[in-house]
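Dear colleague,

I am handing over the structure we spoke about, with the sequence alongside. Please look through it first; my notes on what was found follow below.

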Amino acid sequence: MADFETPKLKEYPVIPNLVDDVMKGSSPFIAKPLHNEPLGFPGELVEGWKDKAIDKMEDLLGKYRGLQVYLDSCVKCGACTDKCHYFLGTSDPKNMPVARQDLLRSVYRRYFTFAGKYFPKLVGARDLDKGVIDEWYSYFHQCSQCRRCSVFCPYGIDTAEISMAAREILDTVGVGQKYCNEIIAKVYKIGNNLGLPEPALKMTLEDLEEEIEEETGLPVKLPLDVKGADIMLITPSADFFAEPHIDGLKGYAKVFHEAGISWTISSYASEAGNFGMFIGSYENMQQISTRIREAAIDLGVKRIVHGECGHAWRVAYSFWNTLIGPFDFLDPNYPVPQHICEFTYDLIKKNKLNIDKTQNDHRTLTFHDSCNVARATRMGDKPGGQFDIPRAIIKAVCNNYVEMDPATTKEATFCCGGGGGLLTDDLMEIRVKGAMPRMEAYNEVVEDYGVTNLACICAICKSQFSKVLPYFNEKGAPQKFSMDMVVSVHQLVYDALVLTGQKFGDELDAHVAAMEAAADD
C-alpha cells in the first residue's frame, strides 16, 4: 500500500526517540505558473528572491503584531514538544512546534533584531539561503495549523500563524504549493474547489433528489440559484460527490424539507472551503469570501448556513466580520454565520423533528472534534457549544455513543493529520504518521467498546480518515479499520429523521416503481 512504514498503534502515548531529519524529504509538489498567477503570485522562484522574502517578512511583521510577539516570546520551556501529532508520528525533532517555529524565528532574528544582526551565533540567528527556503517548504508543509500546541503553550504562541506566514513568504517568491494554489484558482474560475461547473452541479443535485425520493417517497428538493430563498447553504464541494460527505448533504436537505424552510445553493459560490487561510494569504481568503457575500446579495437570501466543514467554519466565524462585513443585508434575527449543526439542534430542542433512533442501532458511534472547530470557533450561545451541539445531535439520533479518551478530545483534540492544506497524495506519509495519535484513541474505543463508526463535521477529516484508516490494519490480522467507518453527523440525522408523509414498505415500493415507469416513458 505504501513505500513507508505505518506507525504501530500503542496502548499508551509514547514520546518517540528523536530521529534527525527523517522527514526532510517530505514535500508537496510545487505549484506551476498556471496555479500561482491567478492568486497574484509569481509563477516560479523570482530573481532577487532573498530580498523579496525579507521584505515580505517585514511587511507581515508590521501587519500582524501577533506574529512578532510569537517570534519574540518563546522561552524554550518545552511544553509544546510532545503535543504535535506529526512529531509523535514521525520522531523528527523539527516537527516539534518550537523547532518548527525556530526555522522562521532564526531568520527573523538575523534580519530584524539587534543581537541577530551583530551576534548571530549567540542567538541562533542564520542567513536566509536556498537551503533554508527548501527546509521551510518541507517542514511548514508538515504542519496542519491545528493549534493544539498553542493550547499547551504558557505564552499562547500560535504556531499556525507562524506556518501561515512562512507559506505566504514562500508564495511571494514563487515557491507555492500546487495542491492549495490549484484549488484556489478553481474557485476563482468556477466557484468551488473541485472545479465543478454549474451544469454538472445541477445534475448532481437532481440525482440526489431522485435518490432521496426513492428512499422516502417524497420530493425533497436541493435547489440551485433560487432567488428570494430564506437560506443560502454553502458547503464543502466534497459534499457534491464523495462518500460519506454526500450523505451529509442529503441530511441537510431532509432537515430543511421537514422544517418547511426555503433554501438554495449558489452555483457562483457553492464552496464553503477557503484554502486562502492555509497559505496564509488574507488577500486570497478575502477574495474567496467575497464571492459568498456577492452570491447572498444577488440571491436576496435572509441568512447563510454553513455545511460540515471545519476550516470553512473557522474562516466564517473568526474572519468574516473583517473580511466581508457588515452583514446588514441579512436578517438580524439569525446569527451570522450559522452552522448547520446549530440549525438542526435548534429544531431538535423544539421537538420539530420526528426521530427514530433505532435506525442507527447497527452503529456504535464516537465523535472526532475537528481542530479548527474546536480551537477557533464556537456554536450556539455559550462557551463550549462547538463541543456540546454536535454530540447532542448524535445522541438525539443514535442510541449507542462512546467518548474517546478526554485527553484527545474537545480543546485538546488531535488533528486528523490531513488538515492545513496537506490533504494530497504527495504527502501520504506525513498524513498517515500524523494520524497516529488520533488512531490510537480511536483504536482504544473500537477494542474496548465495539465502536463501529467515527463521526465528523469536517470534510477534510472525513476524507483523511477514509483514506488512512486501512493503513493501520495489521498484516495477517482481521481487518479492523475500513473506509466506511467514517460518517457525517448529518448522515446519522438523515437515517434517523422520519419525514412527515414519508412512505414505507409496499407504499414506497409502489412509488419507486411509478418513478421508474415515468423515467422509461
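**Domains and their interface**

An automatic or database domain assignment divides the protein into domain 1 (33–183) and domain 2 (184–402 + 451–496). Please bear in mind that this is a predicted model, in which local features need pLDDT of at least 70 and side-chain atom pairs count only at pLDDT 80 or more, while totals for chains, interfaces and linings use all residues. Residues are numbered from 1 along each chain as its sequence is written, and side-chain values use heavy atoms, with hydrogens and water left out.

The centres of domain 1 and domain 2, taken over C-alpha atoms, are 31 Å apart. Where the two meet, 21 residues of domain 1 are in contact with 20 residues of domain 2, contact meaning heavy atoms within 4.5 Å. The area buried between domain 1 and domain 2 (the accessible area, with a 1.4 Å probe, that two parts lose on being put together, summed over both) is about 1,900 Å², and carbon and sulfur atoms give 54% of this area. On the side of domain 1, the residues that lose the most area to domain 2 are Arg 147, Met 164 and Ile 183, which together account for 31% of what that side buries.

As for polar interactions, 15 residue pairs, both residues at pLDDT 80 or more, are in polar contact between domain 1 and domain 2. A polar contact here is a pair of N or O atoms within 3.5 Å; within protein, one must be able to donate a hydrogen and the other to accept it, and residues adjacent in sequence count only if both atoms are side-chain atoms. Helix H8 (148–152), helix H9 (159–172) and helix H10 (178–189) each supply at least two residues of the side of domain 1 that touches domain 2; helices (H or I, at least four residues) and strands (E, at least two) are DSSP runs, numbered from the N terminus.

**Salt bridges**

The rule, a side-chain nitrogen of Lys or Arg within 4 Å of a carboxyl oxygen of Asp or Glu, finds 29 salt bridges in the whole structure, and one salt bridge across the interface of domain 1 and domain 2. Lys 63 forms a salt bridge with Glu 283, with the closest N and O atoms 3.3 Å apart. In the salt bridge of Lys 250 with Glu 211, the closest N and O atoms are 2.7 Å apart. Because Lys 250 lies in helix H12 and Glu 211 in helix H11 (residues 198–216), this pair ties together parts that are 39 residues apart in sequence.

**Overall form and backbone details**

In total, the protein has 21 helices and seven strands. Its C-alpha atoms fill a box of roughly 80 × 55 × 45 Å, taken along the principal axes.

Some backbone features deserve a look. Glu 243 and Pro 244 are joined by a cis peptide bond with omega about 0°, and Pro 244 sits in the loop between strand E1 (231–234) and helix H12 (245–259). The peptide bond from Val 336 to Pro 337 is also cis, with omega near -5°, and Pro 337 is found in the loop between helix H14 (310–324) and strand E4 (338–339).

With best regards
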